[in-house]
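Subject: Structure handover

Hello,

Here is the structure you will be taking over. Please open it first; notes on what was found follow below.

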Amino acid sequence: MSASTTLKLVIGDRNYSSWSLRPWLAARQAGLPFEEVCIPLRNAGSKVHILKHSPSGKVPCLIHGDTVVWDSLAICEHLAELVPSLWPADRRARSEARSVSAEMHSGFTALRQNMGMDIRASKPFDGRTSAAEADIARIVAIWENCRSRFAAGGHFLFGDFSIADAMYAPVVWRFLTHAVALPAASQAWVEAMLALPAMREWQAGALAEAGPA
Ligand SMILES: N[C@@H](CCC(=O)N[C@@H](CS)C(=O)NCC(=O)O)C(=O)O
């Protein structure tokens, strides 16, 4: 399957669907054109609608010609087969980028439960349970470690933008909503992420979902 075959990405609401943001951002940053199908998640018919595209009944889901790929990390891996620079070129950096991406994909339950992505909201210090604080501390440790060991003057976790940045992108919005203070290297990474036109585009979409005030 080549990159020129049409890609269709099925996503949920931009305001809430943290899983959707990850492959959406990876595809945008990779310069891969794709058609987008957005299914609002909180409607009575959402599940039926999602199941028309995604065998898991969840978004995101990628349709690439006759290939269907679901689950955010699997979709990111598929995109990296089309654009290998989505992972760092150096093998040691690539292994670490895969590790922190997998850790995000499988962990941080307290953060998800207590500090859900809600881009439009401002909830300073809300949801900061001790388990959520432990997740925050681990995320900050990951960011500081990646930036000090692998960034090599680049703006992102592994220097150039990679899937690791995409996997942590929703945390940028969660930390803004919940006013999480960060050490310098992590704050610089957050600012680099917020400066990406694709992140701005996603945020504008989230604001527009609210409809006119
Ligand atoms: N592990 C999955 C999680 C996907 C997921 O939970 N998606 C949510 C939206 S962010 C969903 O589809 N919820 C609708 C439902 O469960 O009915 C991934 O990485 O893509």
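Domain bounds here come from an automatic or database domain assignment. For this chain, that assignment gives domain 1 (7-84) and domain 2 (87-200). Residues are numbered from 1 along each chain as its sequence is written. The model is predicted: local features need pLDDT of at least 70, side-chain atom pairs count only at pLDDT 80 or more, and totals for chains, interfaces and linings use all residues.

The domains. The C-alpha centres of domain 1 and domain 2 are 20 Å apart. In domain 1, 14 residues are in contact with 15 residues of domain 2 (contact: C-beta atoms, placed from the backbone, within 7 Å). On the domain 1 side, helix 1 and helix 3 are the elements giving two or more residues; helices are DSSP runs of H or I, at least four residues, numbered from the N terminus. Helix 1 has the largest share, seven residues.

The ligand. It is surrounded by 14 residues, the closest being Ser17, Trp19, Lys58, Asp71 and Ser72 (C-beta atom, placed from the backbone, within 6 Å). Helix 1 gives the most to this shell, three residues.

Two helices. The axes of helix 6 (residues 130-150) and helix 8 (residues 184-194), lines fitted to C-alpha atoms over the stretch in contact with angles from 0 to 180 degrees between N-to-C directions, come within 9 Å and cross at roughly 85 degrees. Helix 6 is therefore roughly perpendicular to helix 8 (65 to 115 degrees). Val140, Trp143, Glu144, Arg147 and Ser148 of helix 6 make the contact with Ala185, Ser186 and Trp189 of helix 8.

Regards

Technical notes
Angles under 35 degrees count as roughly parallel, over 145 as roughly antiparallel, 65 to 115 as roughly perpendicular and the rest as oblique. Two residues are in contact if their C-beta atoms, placed from the backbone, lie within 7 Å.
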